[in-house]
Amino acid sequence: MTSLSPVLKQATPVVVDHARGSWIYGTDGREYLDFTTGIGVTSTGHCHPEVVAAAQEQVGKIIHAQYTTVMHKPLLELTEKLGEVLPEGLDSAFYANSGSEAVEASIRLARMATGRPNIVVFQGGFHGRTVAAASLTTAGTKFSAGFAPLMAGVHMSAFPYAYRYGWDEPTAVEFALKELDYLLQTRTAPSDTAAFLIEPALGDGGYIPTPPAFLEGLRERADRHGIVLIFDEVQAGVGRTGKFWGHQHSSARPDVLITAKGIASGFPISAIAASTELMSKAWPGSQGGTYGGNAVSAAAGVATLGVVEKEGLVENSRVRGEQLQAGLKQIQQRFPVIGDVRGLGLMQGIEFTAPDGSPDAATAAAVQQATTEQDLLSLTCGPTGNVVRLIPALVVSEEEIALGLQRFEAAVEAVVSSAPSGTTGA
């Protein structure tokens, strides 16, 4: 009998029957408040009626029209809609299927455009699981171990993770920018550096917002040295952080923007956007793919962007995110095992630490499992797995956030109260 790979581990035991909005209905008859959203994918909630209708209509017209062979209307419409929200000057798009593919397309473009070999990434970044994307990922060794050699030409610089260092944010930013300057002096000369690649908010690396001053420092150095600045908005984009793009919490603007996840409410599609001038420097034949820009996914993307605009979901993300973070910080006051609460919009991380300040992955894992018992779905992240992340749909209501906080607090209380004395930060 064939089964799924034993390496695949489910974060919850839930088997879904159907889902609507912020709710997953299990085959066990239970109703789960979903604060995972397919790892930030179902941005408009599960099975939003307008997204479902758009996909159903498109399936009846054409399912697959390979867009370098024949063009289809949904992709043209998606490009037009995307152009309404992209940063000024990014007027050319290339479509693929996944975030990893879009990341690889972005670094291929940067290398071709500059004629330089090296890419600088930042500690804790997650950029995908394919070989090149995993080579760029530093959110944990599990993403890149065991299949060396990895892609050459990748250099890692420090990320301003203020909580880890025990500093305030300005100090962490100053340190990280100095480390980047030192890297450019000692490991990869600016004339050899094609791109800086960074997430505006770390995803798997721990749900850490990238300080605006750091992004602005990268922009200044990229301009000074002719380096392409790439923002990986796969998880932080499409309203997730309370701005349409995560980098919009700063004044920095990218040369290349990568998007995926929430752009089509669960249908697989990704894109990179750049100026026509920069995109034209890609070599002929270097962009393509059989399934990229799939017609059904593109139709879902058009509908998703329409729903985000019509229902004011970016603003809802901001307001509900503030509610969620405020509630989490109140819970933090009750439980010293919670060392840090941070995030932007509906992308919130809760870091668990031991009494000595070291990461407490065991408690984080126990809390994540306990939330399922409370009918709340959550995930962990971070290099050591000591961060619980909450990722509600952008359509989440005030009442659902309040209920989620109640259930999360009950989960933490259950774990802390059952732990032997001295084994948690409580």
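1. A residue is called buried when its relative accessible area is under 20%, exposed when over 50% and partly exposed in between, with a 1.4 Å probe and protein chains only. By that definition, the buried residues of H12 are Thr363, Ala364, Val367, Gln368, Ala370, Thr371 and Thr372. The model is predicted, so that local features need pLDDT of at least 70 and side-chain atom pairs count only at pLDDT 80 or more, while totals for chains, interfaces and linings use all residues. Residues are numbered from 1 along each chain as its sequence is written, and side-chain values use heavy atoms, with hydrogens and water left out.

2. Helix H12 covers residues 361-373, 13 residues in total, and reaches 19 Å from its first C-alpha to its last, close to the 18 Å expected at 1.5 Å a residue. The expected span is 1.5 Å times one less than the number of residues. Helices (H or I, at least four residues) and strands (E, at least two) are DSSP runs, numbered from the N terminus. Just after H12, Asp375 takes a positive phi of about 65 degrees.

3. The cover over the buried residues of H12 includes strands S3 (31-34), S12 (347-352), S13 (376-377), S14 (379-381) and S15 (387-390), together with helix H13 (398-418). Contact here means heavy atoms within 4.5 Å.

4. Rings of Phe, Tyr and Trp (its six-membered ring) pair if their centres lie within 6.5 Å; planes under 30 degrees apart count as stacked, over 60 as edge-to-face and the rest as tilted. The count by this rule is eight aromatic pairs. In one of them, Phe122 and Phe196 have ring centres 6.3 Å apart and planes at 70 degrees, so the pair is edge-to-face. Phe122 belongs to strand S5 (residues 118-122) and Phe196 to strand S7 (residues 193-198), 74 residues apart. Phe122 is buried at 2% relative accessibility, and Phe196 is buried at 0%.

5. The rings of Phe159 and Phe214 are also edge-to-face, because their centres are 6.4 Å apart and their planes at 65 degrees. Phe159 lies in the loop between strand S6 (154-157) and helix H6 (162-165) and Phe214 in helix H8 (residues 212-225), so this pair ties together parts 55 residues apart in sequence. Phe159 counts as buried at 2% relative accessibility, as does Phe214 at 0%. Phe122, Phe159, Phe196 and Phe214 form one aromatic cluster.
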